Amino acid sequence: MIRKSMLVLAVCASLALAISLFAAGDTPTGTNLSAAAIVDKNITARGGLQAWRAVQTMSMEGKMGAGGNQRSTLSVPTAGRKGDQTILPQRPTQEVQLPFVMEMKRPRKMRIELKFNGQTAIQVFDGTNGWKLRPFLNRRVVEPYTTDEMKSESLLSDLDGPLVDYAVKGTKIEFDGVEKVEDRDTYKLKLTMKSGQSIHVWIDAQTFLETKIEGQPRRLDGIYHPVEVYYRDYRPVNGLQIPFLMETKVLRLAQGSAMLRDPSVPPERITIDKVVVNPNLEESRFSKPESGMASRVN
């Protein structure tokens, strides 16, 4: 009986979605939609503007992929006799899933605890400054964010993402065409932040949920490679649509710096197991951590 009821609900939901998409004109060939209209539909699909404005804190638990490097091992010259070389060790070829907890609080505060090899790494951003503690690298003192890490944080907006209240955040949005993403039509939007930095976001033309977003370029072998983050497996949490799988791809550069679609390293996956909306998070959680704190985290 329960299974039958669930089936009826699923069929009704699918029918309602199909009707609403037909009424809205779901084909991307109808490019009469402005960038603002696409954003409005995206926010509605994700739960609505008022629902997201009501979110002050959020916590996520899951597993973060690490390793999985299948690139060729590099040889580098060493001091000594001419022609001597040292072979650099490869990272693990298989991705390792590391448990993590991420806590977010307005405005733009974030704390991440990542467990690895029996130890807990901590990364904190208070909205202005960032610190990290990485005991698994034998670094047991708190270090400030690097310039690249601060640049990456500057691209992050509040926990609701870059599209909610974008005008209030000082972001300008432009329609940048229609593109296929994994055989699905998407609307490509260009976002220019208040800082002057710009990124692109791709919105599914049927569901109006984010499909992917440009990430902070990553440096590999002395060269910065473009990064794409894919959002998958959306699930409802307190009326909000949350992606429970995020996949990061670091793309290769061909001769002449042309971007190739196949990644230079295997994709890195973040799988979410639990999301809590508006948990009680103390301000001290986002302060500079103490040295040696990682060894005391459960």
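Three aromatic pairs are counted in the structure, where rings of Phe, Tyr and Trp (its six-membered ring) are taken to pair if their centres lie within 6.5 Å, with planes under 30 degrees apart classed as stacked, over 60 as edge-to-face and the rest as tilted. One of them joins Phe-175 and Tyr-187 in a tilted arrangement, at 6.2 Å centre to centre and with 55 degrees between the planes. This pair links distant parts of the chain, since Phe-175 belongs to strand β9 and Tyr-187 to strand β10, twelve residues apart; helices (H or I, at least four residues) and strands (E, at least two) are DSSP runs, numbered from the N terminus. Phe-175 is partly exposed because its relative accessibility is 31%, whereas Tyr-187, at 1%, is buried, the terms being set at under 20% relative accessible area for buried, over 50% for exposed and in between for partly exposed (1.4 Å probe, protein chains only). Tyr-187 also pairs with Phe-208, here in a stacked manner, with 5.9 Å centre to centre and 20 degrees between the planes. Phe-208 lies in the loop between β11 and β12, 21 residues apart from Tyr-187, and is itself buried, at 6% relative accessibility.

The model is predicted, with local features requiring pLDDT of at least 70 and side-chain atom pairs counting only at pLDDT 80 or more, while totals for chains, interfaces and linings use all residues. Residues are numbered from 1 along each chain as its sequence is written, and side-chain values use heavy atoms, with hydrogens and water left out.

A charge is placed over a ring if NZ of Lys or CZ of Arg is within 6 Å of the ring centre and within 35 degrees of the ring normal. Lys-41 lies over the face of Phe-208, at 5.5 Å from the ring centre, and Lys-249 over the face of Tyr-230, at 4.5 Å from the ring centre.

Phe-208 takes a positive phi near 65 degrees in the hairpin of β11 and β12, which has five residues between the strands. These two strands pair in the antiparallel sense over three bridges, pairing being assigned if DSSP finds at least two bridges between two strands, and Ile-203 stands opposite Glu-210 in β12. β12 pairs in the antiparallel sense with strand β13 (residues 223-237) as well, over seven bridges, among which Arg-219 has Tyr-224 in β13 as its bridge partner. The hairpin formed by β12 and β13 has two residues between the strands, and Asp-221 in its turn has a positive phi of about 55 degrees.

In helix α2, Ala-35, Ile-38, Val-39, Asn-42 and Ile-43 are buried. Seen down the axis of α2, the buried residues fall within an arc of 135 degrees, so they line one face of the helix; the arc is that of the directions from the helix axis to the C-beta atoms. Their cover includes α3 (49-53), β9 (172-181), β10 (184-192), β11 (198-204) and β12 (210-220).

The protein chain averages a pLDDT (the predictor's confidence in each residue, from 0 to 100) of 80, and 72% of the residues score at least 70. Confidence is highest in helix α2 (residues 35-45), at a mean of 98, and lowest in helix α1 (residues 2-24), at 37. Over residues 1-27 the pLDDT is below 50, and this stretch has six contacts (heavy atoms within 4.5 Å) beyond near neighbours in sequence. Where pLDDT is low, the predicted coordinates should not be read in detail.
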